[in-house]
Amino acid sequence: MDALVNKRIKQVLKGDQNAFADIVSLYQHKLYQVCYRMLGNKQESEDIAQEAFVRAYMNLHTFDQKRKFSTWLYRIATNLCIDRIRKKKPDYYLDAEVAGTEGLNMYSQIAADDQLPEEQIEQMELQDRIQYEIGRLPDKYRSVIVLKYIEELSLQEISEILDMPLGTVKTRIHRGREALRKQLNNL
């Protein structure tokens, strides 16, 4: 996939603006997911993901093609998410109700295989609680926890995305896990 992305980047740099559409289609879903996990709001996540693609396009000439494009793109999006979090006090909840439904949230949309309704409800409540507690973590811990455990990125990729030393990433993951464990202690 990296070879395809690098080929499309070269086409964009030569003036073929349509080649960037292929790049967007490859990464739009994953990038949105990263933003949503950090922000917990559908509209803001869509806005930030779109802004990340715009910034990537405008700064494509600065991208080092010896590196992974996804890491560079996630770094742009993560920085935008962190900026949004810092600028705005939360006025929403991660377990907000889905419009047009009674008491259902996004977790209720997850299909379950052979689970009893009670188990589904318990699972949704647990997921809601974990997502809520992740949202309560300080920014520096939230970003590494989301990238490591939700997006399943390597420590090296997280280090590159957040532009911090590998040791700092490991420390923040450890401290973020400990903070999350303390918050979830009463489960």
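User: Glu152 first: buried or exposed?

Analyst: Glu152 counts as exposed, at 65% relative accessibility; exposed means over 50% relative accessible area, buried under 20%, and partly exposed in between, with a 1.4 Å probe and protein chains only. This is a predicted model, in which local features need pLDDT of at least 70 and side-chain atom pairs count only at pLDDT 80 or more, while totals for chains, interfaces and linings use all residues. Residues are numbered from 1 along each chain as its sequence is written, and side-chain values use heavy atoms, with hydrogens and water left out.

User: Where is Glu152 found, and what is its phi?

Analyst: Glu152 sits in the loop between H6 and H7, where helices are DSSP runs of H or I with at least four residues, and strands are runs of E with at least two, numbered from the N terminus. Its phi is near 55°, a positive value in a residue other than glycine. Most residues other than glycine have a negative phi.

User: And Asp163, where does that lie?

Analyst: Asp163 lies in the loop between H7 and H8, and has a positive phi of about 55° although it is not a glycine. At 55% relative accessibility, Asp163 counts as exposed.

User: How do H7 and H8 cross?

Analyst: Their axes come within 9 Å and cross at roughly 105°; axes are lines fitted to C-alpha atoms, for helices over the stretch in contact, with angles running from 0 to 180 degrees between N-to-C directions. H7 is therefore roughly perpendicular to H8, a term for 65 to 115 degrees, whereas under 35 is roughly parallel, over 145 roughly antiparallel and the rest oblique. The contact (heavy atoms within 4.5 Å) is made by Leu155, Gln156, Ile158 and Ser159 of H7 and Leu166, Val169, Lys170 and Ile173 of H8.

User: What else does Ile158 touch?

Analyst: Leaving out residues up to four places away in sequence, Ile158 touches Val144, Leu147, Lys148, Leu153, Val169 and Ile173.

User: New topic: how many disulfides does the structure hold?

Analyst: The structure holds zero disulfides, a disulfide being a pair of cysteine sulfur atoms within 2.5 Å. Cys35 is in none, and the nearest cysteine sulfur, that of Cys81, is 3.8 Å away.
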